[in-house]
Amino acid sequence: MSASRIEIRIGGTGGQGLILSAKMLADAMAASGKRVAQSQAYEPTSRGGFCNADLVITDGEVDFPLVTAIDHLVLLDRLAVKPSWPLLKPGALVIADTRLCPELPEGEYRSYHLPLSRTALELGSERVTNIVALGALVAQSGICDREWIEQAVRAATPRGFLDLNMDALKAGYAVHEQAAAHYEIAGAVAT
C-alpha cells in the first residue's frame, strides 16, 4: 500500500446517514484532486443494525478499494467498535460519540470523545449527527479544506435541509475546537 493512502471508516448503525456523509466526504476529496474509493456494508436490517461507510483516498490510483488499516475512525454507535477495531492502524485518530459510544477498548490510538449526537439534538434534529461528525473529522484530521466539504454538503443536501446541514457542519468544527482546547488544557495540567 502506498504512503499517500488514507483509510477512513464512519461506523454506527443503519439510519444514521453514514453512507451519505461518506459520499459527501468522497465528493469533497475528489473535488480537491484526490482519488477516492467509497464502499459500505450493513446488516440486512435497514435501521438499527451495524453499518459502516469506508473511504480509501490516494494521490494516485486506488490499488485496493477496501479498508485494511484504518487511519481515521468515526464511531457513532458502540455496535461499530467490534468490527472496526481489528483494522485500526497504530496511532490512528478515533472520534467517538460520547452518548452512543461511551467506552473504547485500550489501544495505541488518539481518541476524542465528542458530544456529536447531543450537539445534533441541540440543533433540533438527531438526524444531523452524521454531519456534525463530518465537521469534527475534517477539523480534527485536516484531510480536506473546509471549503471543499462545505461545497459537497451543499451539493448533496435537499434545499429544505440545507441550513440545518450547514449549521451541523459548522457545529462539528466548533465541537472539535472546544475539545482541542480541553485536551490541550488537560495535557498541560497532567505534565
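**Chatting through the helices**

Reader: I'm new here. Where does Gly135 sit?
Author: Gly135 is found in helix H4. Keep in mind that this is a predicted model.

Reader: Okay, and is Gly135 buried or exposed?
Author: Gly135 is buried, because its relative accessible area is 0%, and buried means under 20%.

Reader: What does Gly135 touch, if I skip its neighbours within four places in sequence?
Author: Skipping those, Gly135 is in contact with Leu169, Gly172 and Tyr173.

Reader: How far is Gly135 from Ile149?
Author: Their C-alpha atoms are 8.3 Å apart in space, and the two residues are 14 apart in sequence.

Reader: Let's go to the helices. How do H4 and H5 pack?
Author: H4 covers residues 129-141 and H5 covers residues 146-156. They pack at an angle of about 160 degrees, with axes 10 Å apart. That makes H4 roughly antiparallel to H5, because angles over 145 degrees count that way.

Reader: Which residues make that contact of H4 and H5?
Author: H4 brings Leu134, Val138 and Ala139, and H5 brings Arg146, Ile149 and Val153. Five of the contact residues are nonpolar, none is polar and one is charged.

Reader: And which way does H4 pass H5, left-handed or right-handed?
Author: The crossing of H4 past H5 is right-handed.

Reader: What about H5 by itself, which of its residues are buried?
Author: In H5 the buried residues are Ile149, Glu150, Ala152 and Val153. Looking down the axis of H5, they fall within an arc of 160 degrees, so they line one face of the helix.

Reader: Now H1. At what angle do H1 and H5 pack?
Author: H1 and H5 pack at about 130 degrees, and their axes are 8 Å apart. The two helices are therefore oblique to each other. Their crossing is right-handed.

Reader: Who's touching whom between H1 and H5?
Author: On H1 the contact is made by Leu20, Met24, Leu25, Asp27, Ala28 and Ala31. On H5 the contact is made by Trp148, Ile149, Ala152, Val153 and Ala156. That contact of H1 with H5 divides into ten nonpolar residues, no polar and one charged.

Reader: Then how do the axes of H1 and H4 cross?
Author: Helix H1, residues 18-31, crosses H4 at roughly 35 degrees, and the axes come within 9 Å. H1 passes H4 in a right-handed crossing.

Reader: Which residues are in the contact of H1 and H4?
Author: From H1 there are Ser21, Met24 and Leu25. From H4 there are Asn130, Ile131, Leu134, Leu137 and Val138. The contact of H1 with H4 has six nonpolar residues, two polar and no charged.

Reader: Switching topic, where does Ile70 lie?
Author: Ile70 lies in strand E4, which covers residues 70-75. With a relative accessible area of 0%, Ile70 is buried.

Reader: What does Ile70 touch, leaving out residues up to four places away in sequence?
Author: With those left out, Ile70 touches Glu7, Arg9, Ser84, Leu87, Leu88, Lys89 and Ala92.

Reader: Last one: where is Lys170?
Author: Lys170 is found in helix H6, residues 162-190. Lys170 counts as partly exposed, at 45% relative accessibility.

Reader: And how far is Lys170 from Asn130?
Author: The C-alpha atoms of Lys170 and Asn130 are separated by 12 Å, and the residues are 40 apart along the chain.

Terms used
Residues are numbered from 1 along each chain as its sequence is written. This is a predicted model: local features need pLDDT of at least 70, side-chain atom pairs count only at pLDDT 80 or more; totals for chains, interfaces and linings use all residues. Side-chain values use heavy atoms; hydrogens and water are left out. Axes are lines fitted to C-alpha atoms, for helices over the stretch in contact, and angles run from 0 to 180 degrees between N-to-C directions. Helices (H or I, at least four residues) and strands (E, at least two) are DSSP runs, numbered from the N terminus. Angles under 35 degrees count as roughly parallel, over 145 as roughly antiparallel, 65 to 115 as roughly perpendicular and the rest as oblique. A crossing is left-handed if the near helix is turned anticlockwise from the far one by less than a right angle, and right-handed if clockwise. Contact means heavy atoms within 4.5 Å. Ala, Val, Leu, Ile, Met, Phe, Trp, Tyr, Cys and Pro count as nonpolar, Asp, Glu, Lys and Arg as charged, and the others, Gly among them, as polar. Buried means under 20% relative accessible area, exposed over 50%, partly exposed in between (1.4 Å probe, protein chains only). The arc is that of the directions from the helix axis to the C-beta atoms.
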